[in-house]
Amino acid sequence: MVEKLVHGASLEDEGSGAVSQMKGITLELLQGARNFMKFAKIKEQVEVAILVSRGQDDDVINALVIAAEERGAHVTVIRARGRTERYNFPGLIEEPSRVLKKALIGADVIIDAGIAALYAVGARHIDKEYMKIARSEYGAFFIRSELLSKEIMASEFGRMPCDVIYEIGRRVSSMIEQGKTARVTTPLGTDISFNLNPRGIMGSFRPLNMPGDMLAIPGGRVGLNPEHGYGILYAEAINPMVEPPQVLMTKPIKIVWDDNWAVEISGEGENTEWLVQMMETGDRNARWWGECMFGIHPKSNAFGYPSAPTEVYFTGVHSRPDTLHNALGHSAGAGGVVSNRHIDTFIHDQTLYVDGDKLIDNGHLLVLDDPGMREFASRFGDPDQLLRMSPMPEGLFKCRRD
Amino acid sequence: MERELMKVASDLFVRIGKTEECRRKIDDYEHTYQFEVDGKAEFYVELNRGVLKVAPGVYPGEYTKVSLVKTDSGTLRAILKGKLRPLDASTQGKWVIRARNYSGELLYTLLRIGREMVIEDLLAAQA
């Protein structure tokens, strides 16, 4: 079937099995882009700046432009250096260009659709002055697109209505808000506990709010600010955005928390020495337990693994309900501790308890089985299909459970 | 809070509300900023789908759509006169927003529009 788009491009609907052999902009790709723009609240007359990185697939960018223009937006695409280019040009750690910074304050909506196009400066670019000015003084929405490749954009992750994710998030956050304590265990031996603060819940699990708000779309993560946390964490991976020597380790790093402070970092994990060094070279809050976050998106996955760049496939890993990460350093939630480090350390197949009741059981988010949740999902399709998790690729997490 | 300062605040917010940029930014939203100055609820700024209204006292409407701004009259005066950015006042601890619905950024945007108008007025007066 061939369909004409508003821009006159040819659209081949190749069906649901076409992801691996797509040519140009398919219907599924466009559905992913349209879903994104709907939940980014793009509408008529809105000035949209889409930041992309050099070398990124043109079909991904074009699909976003088409979907935004279909909604009547005025779109400008800015192509900047992406993080993956740093491998070709080592040492390129610099601020975004002056042109880019100026462009940000002219946009109503900034969509960072690149492979970390704003990310040459480090994990906390949202705290940079230029971003504060764009968001606060000019009221620009800042939206990070997680549809980084054609495969992701056309996938169920990209096309699933965010209403479903926001409803999952609402139910999960509501349970956490009413709790006092949390505990996380894993088959690898992690056993950590902390107090919950309802004001410290954050993440990408809710609709976009008022001007200046920021959100990742599709997102699907709920985060907490641990308080008075204790226990032993066996971390199996480190977020690639902070450039560890090896993202997915074959042996874990042992982190001992004592009143929210990493008093011990040890073990045979490939990144242990690197992590200790990051603590030593970080500021005085680098060892603070700044975040505990887990995925809630049943369709999230390591799309493109292992051939895609790590930055691309790992984005989907951390929205999976069977992964959870704890950050050393800067607190992501309101009222937290400030640090120049924010290093996410990952575990998987975790069990998460709130006040002793399981919220996640060995990587399975129990809210997905809730009859009320299933009834809600049925408004958008078959709940069995929508809420069923895709399996993790074999061999992604490498630590052995002896 | 002095009556004169209340008038400065009211006049500026009314002018901000008449700008095209403000109308565009607040087009879709219903929200209220309650200003507590020197420890007393002095006035509120109500946004209602593109219309901005200023009134004295305590906002009588739904509490869940209200963000609370706490400051002192010296800081408020400096901001309204374009001499201090609210972002800087916040960093200095002189301006605190207890924001609901992620509404804090929008108030900074409105006050930036106001600051640009005040600066234009000063330049025009000098000319």
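Visitor: What does chain A average in pLDDT?
Guide: Chain A of this predicted model averages a pLDDT of 88, and 87% of the residues score at least 70. pLDDT is the predictor's confidence in each residue, from 0 to 100.

Visitor: Where is the pLDDT of chain A below 50?
Guide: Over residues 1–22 of chain A. Beyond near neighbours in sequence, that stretch has 30 contacts in the model, a contact being two residues with C-beta atoms, placed from the backbone, within 7 Å.

Visitor: Switching to packing: at what angle do helix 1 and helix 2 of chain A pack?
Guide: About 50°, with axes 8 Å apart, for helix 1 (residues 27–39) and helix 2 (residues 58–70) of chain A. That makes helix 1 of chain A oblique to helix 2 of chain A.

Visitor: Which residues make the contact?
Guide: Among them are Leu29(A), Leu30(A) and Phe36(A) of helix 1 of chain A, and Ala63(A), Leu64(A) and Ile66(A) of helix 2 of chain A.

Visitor: And between chains, how many residues does the contact take?
Guide: Eleven residues from chain A and twelve residues from chain B.

Visitor: Which residues of helix 4 of chain A meet helix 5 of chain B?
Guide: Arg135(A), Ser136(A) and Glu137(A), which meet Glu105(B), Tyr108(B), Thr109(B) and Arg112(B) in helix 5 of chain B.

Technical notes
Residues numbered from 1 in each chain as written. Chains lettered and ligands numbered in written order. Predicted model: local features only at pLDDT ≥ 70, side-chain atom pairs only at ≥ 80, totals over all residues. Axes fitted to C-alpha atoms, helices over the stretch in contact; angles between N-to-C directions. Helix = DSSP H or I, 4+ residues; strand = E, 2+ residues; numbered from the N terminus. Parallel < 35°, antiparallel > 145°, perpendicular 65-115°, else oblique.
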